[in-house]
Amino acid sequence: SDATLLSVIAGKPIDSFVKGTGIPKIARSMPNTPAMIGKGMTVWCCTSNIHAEERDKINEVLQSFGKSIFVDDEKYIDMSTSISGSG
């Protein structure tokens, strides 16, 4: 399958989605509450098998909530959740 799963579920690591769904391409994001009015900040990361073109599409979706920041390490999503009103 060429599907990509984009998660907005708090506290669920990428690995749990890969194991639970069998989908190898996972993007994990955590929008904060102002996202409901298009003024949010979403921190996100993804599996390394998601290439630049696909990342651009994910980023486009997430920017519909406001701004987005890509991070290389999933631990930064958990950190951002505690300071940005997410989760």
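The largest nonpolar core has 8 residues: I14, F17, I26, M30, V43, C45, V71 and I77. At least two residues of this core come from each of helix 1, strand 2 and strand 3. The model is predicted. Its 4 strands form an open sheet of mixed pairing, in the order 1-2-3-4.

**Cores**
- Another core, of 6 residues, lies apart from the largest one; W44, C46, I50 and L62 are among its members.
- In soluble globular proteins, nonpolar side chains tend to be buried together.

**Sheet**

**Strand pairing**
- Strand 1 (residues 4–7) and strand 2 (residues 25–31) run parallel and are joined by 4 bridges.
- Across this pair, T4 stands opposite K25 in strand 2.
- The β-α-β crossover from strand 1 through helix 1 (residues 14–21) to strand 2 is right-handed.
- Strand 2 pairs with strand 3 (residues 40–46) in the antiparallel sense, over 5 bridges.
- M30 stands opposite V43 in strand 3; M30 and V43 also both belong to the largest nonpolar core.

**Helix on sheet**
- Helix 1 packs on the sheet and touches strand 1, strand 2 and strand 3.
- The direction of helix 1 makes about 135° with that of strand 2.

How values were computed:
Residues are numbered from 1 along each chain as its sequence is written. This is a predicted model: local features need pLDDT of at least 70, side-chain atom pairs count only at pLDDT 80 or more; totals for chains, interfaces and linings use all residues. Side-chain values use heavy atoms; hydrogens and water are left out. Two strands pair if DSSP finds at least two bridges between them. A crossover is right-handed if, with the strands pointing away from the viewer, the path from the first strand over the helix to the second runs clockwise. Contact means heavy atoms within 4.5 Å. Axes are lines fitted to C-alpha atoms, for helices over the stretch in contact, and angles run from 0 to 180 degrees between N-to-C directions. A nonpolar core is a set of buried Ala, Val, Leu, Ile, Met, Phe, Trp, Tyr and Cys residues joined through side-chain atoms within 4.5 Å. Buried means under 20% relative accessible area, exposed over 50%, partly exposed in between (1.4 Å probe, protein chains only).
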